[in-house]
Amino acid sequence: MDTLLSGLELLARLDVLIALFIGSIGGVIIGAIPGVGPAVAIAILLPATFALEPLVGLTMLLGIYGSSMFGGALPAILINTPGTAVNALTTYDGHPMTKNGQALRALGLAYGASFMGGILSIIALILFSPVLAKIAPMFGSREIFLAALLGVLLVIIAHRGQTFAAGMLAGLGIFLGTIGLEPVKYTQRFTFGQEWLSSGVNLIVVVLGLFAISQAFMLLNDPESAPEAKPIRGRMFKAMAEVFRYKRIASVGAGFGVLMGMIPGVGEFTAQFLSYTYAQKTSKEPDLFGKGSPEGLVASEAANNAVPAAAMIPLLALGIPGEALTAMMLSVFYVHNVIPGPGLFLNKLDFIYALYIAMILLNVIVVVFMLFSSNLLVRIIRIPTRFLGIMVLTLSFVGVYSLRNSVTDCAIAAGFGVFGLILKRQNLPIVPIILGMVLGGIMEVKLRSAMARVKTPLDFVDRPISATIAAVIILLILFHFWGLWKERRLKEPEFSHDHDVHDSQMR
């Protein structure tokens with residue numbers, strides 16, 4: 001109880017509350033603008049948060065991360081265009097409800113489900129924090145190395161149908177992290193005698209290039225558009241209260257969000273589809289799904305909003321980010337020499353509680369804001385895409401230059417912006433590059449410190465936690481290849497049948 005009160009005291013500071021308010025409202029606005037999204041906004045804001053205290057910077061970024069999905073539901077429901085990528089499933093039932101004249105009801109259910117999902121997940125995490133505080137100190141260098149390796153593997157496997165590309169891009173990220181002075185003996189690696197490479201490739205420069213600048217190029221290249229949406233009329237609070245009719249689906253969706261958020265590389269999409277599938281299987285009207293089902297909308301929004309709080313668990317407990325946004329947040333910790341991991345739960349549990357309470361407050365702030373401002377956000381949707389592109393590009397280069405006052409960094413960011421544009425045009429994943437850079441650095445440092453106590457390969461797995469993680473890694477690889485083999489076996493009869501038909505036609 002004392003720790004909880006200490007967390008509240010940390011959060012009660014004026015600068016923290018202002019940061020939380022700005023992040024929460026800003027996240028809703030950013031989420032409501034199709035084509036921007038939280039990754040772009042967080043990438044642009046990162047350099048500015050380095051000048052703030054860790055709790056102030058993180059509450060602002062968490063506000064954007066957690067509230068963007070609320071805002072992203074608005075264009076998904078009204079104009080069939082998800083504001084953020086994770087609101088794509090919201091269009092399945094949200095927009096058909098709008099076409100049926102139920103726009104207010106759809107928005108109310110989306111906001112109510114998001115609020116329930118967010119609050120339930122944070123309550124669960126606050127209850128689990130004492131358990132995590134006891135488990136975290138059991139993780140030594142070997143365990144954290146294997147957990148980081150598992151994170152890389154999960155990120156690769158999560159991109160079904162693109163595992164080879166995801167693996168190559170994760171490898172590229174690991175390679176980028178090795179450029180410059182290595183962390184133990186400070187010898188130069190892959191610098192080729194170039195002074196500008198001796199300080200390495202900055203993670204924030206790569207993040208801004210791949211996410212923000214590439215998105216600006218996309219907005220500038222695409223045809224000019226300013227989507228239209230009709231104003232919302234009616235009582236939003238009454239529409240939001242209807243979510244309690246579907247509390248079972250919202251609770252299960254939040255549960256999936258918590259579980260999937262805690263697993264690196266899985267995230268919102270898996271949680272949403274599991275929640276949506278469960279809702280459809282248990283519904284009395286399964287045929288309505290995809291045509292305007294309130295249950296489908298609730299399942300989708302409850303699951304995606306439960307993920308942000310859960311995604312903080314591997315980041316805070318082990319220092320291992322699960323996806324791009326938490327990888328960006330990790331850099332805020334490092335800049336202030338606050339190292340996430342077992343020591344954080346052991347020594348700064350009040351800081352952890354402050355973050356969780358901040359996430360509860362952000363959900364409350366966002367819901368109150370959404371009650372009164374949906375029609376204002378409808379106008380924001382109409383911002384022309386090319387104007388947005390120019391704004392994002394300008395802010396991105398200002399952010400890159402402010403890091404080290406380096407024109408070289410701007411050139412590197414522009415290069416990664418072009419590379420990111422190519423990846424997006426080819427529908428290839430960007431996240432593995434960022435997680436490769438972050439997790440690769442963690443793996444190298446922890447492997448080197450672990451090798452002092454390792455004489456044989458079996459010494460790596462001579463403790464229960466390391467043995468368990470190693471077993472999970474082996475099982476994941478086996479299941480993945482078994483799945484690929486099954487897919488190939490299923491395709492072979494189809495190919496042989498097509499071949500036989502072709503031969504008979506030739507005869």
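**A bent helix and its surroundings**

Helix 3 bends by about 30° at A43, and a proline, P47, follows within four residues. The bend is the angle between axes fitted to the seven residues ending at a residue and the seven starting there. Helices (H or I, at least four residues) and strands (E, at least two) are DSSP runs, numbered from the N terminus.

Before going on, this is a predicted model: local features need pLDDT of at least 70, side-chain atom pairs count only at pLDDT 80 or more, and totals for chains, interfaces and linings use all residues. Residues are numbered from 1 along each chain as its sequence is written, and side-chain values use heavy atoms, with hydrogens and water left out.

Back to the helix. The 13 residues of helix 3 (residues 37-49) should span 18 Å at 1.5 Å a residue, and its end C-alpha atoms are 18 Å apart, which agrees. That expected span is 1.5 Å times one less than the number of residues.

Helix 3 is also mostly covered, with 11 of its 13 residues buried. Buried means under 20% relative accessible area, exposed over 50%, and partly exposed in between (1.4 Å probe, protein chains only). Both A43 and P47 are among the buried residues of helix 3. What do the buried residues of helix 3 pack against? Their partners are helix 2 (14-32), helix 4 (54-79), helix 9 (203-221), helix 14 (324-335) and helix 17 (385-404); contact here means heavy atoms within 4.5 Å.

S214 is buried, with a relative accessible area of 0%. Leaving aside neighbours within four places in sequence, S214 is in contact with G209, G417, G420, L421 and K424.

The largest nonpolar core has 163 residues, and Y65, F211, L316, M328, F345 and Y356 have the most contacts inside it. Helix 16 (residues 349-381) gives the most to this core, with 17 residues. A nonpolar core is a set of buried Ala, Val, Leu, Ile, Met, Phe, Trp, Tyr and Cys residues joined through side-chain atoms within 4.5 Å.

Over in helix 6 (residues 103-135) you'll find F115, which is partly exposed with a relative accessible area of 26%. F115 touches F70, N363, V364 and V367, not counting residues up to four places away in sequence.

R105 also sits in helix 6, and E242, its partner, is in the loop between helix 10 (236-241) and helix 11 (247-262), 137 residues apart. Their side chains meet in a salt bridge (2.7 Å, N to O). A salt bridge is a side-chain nitrogen of Lys or Arg within 4 Å of a carboxyl oxygen of Asp or Glu. E242 counts as buried at 14% relative accessibility, whereas R105 is partly exposed at 23%. A search of the whole structure finds seven salt bridges.

Another of these joins E444 and R189 (2.8 Å, N to O). It links distant parts of the chain, with E444 in helix 19 (residues 431-451) and R189 in strand 2, 255 residues apart. E444 is buried, at 18% relative accessible area, and R189 is buried, also at 18%.
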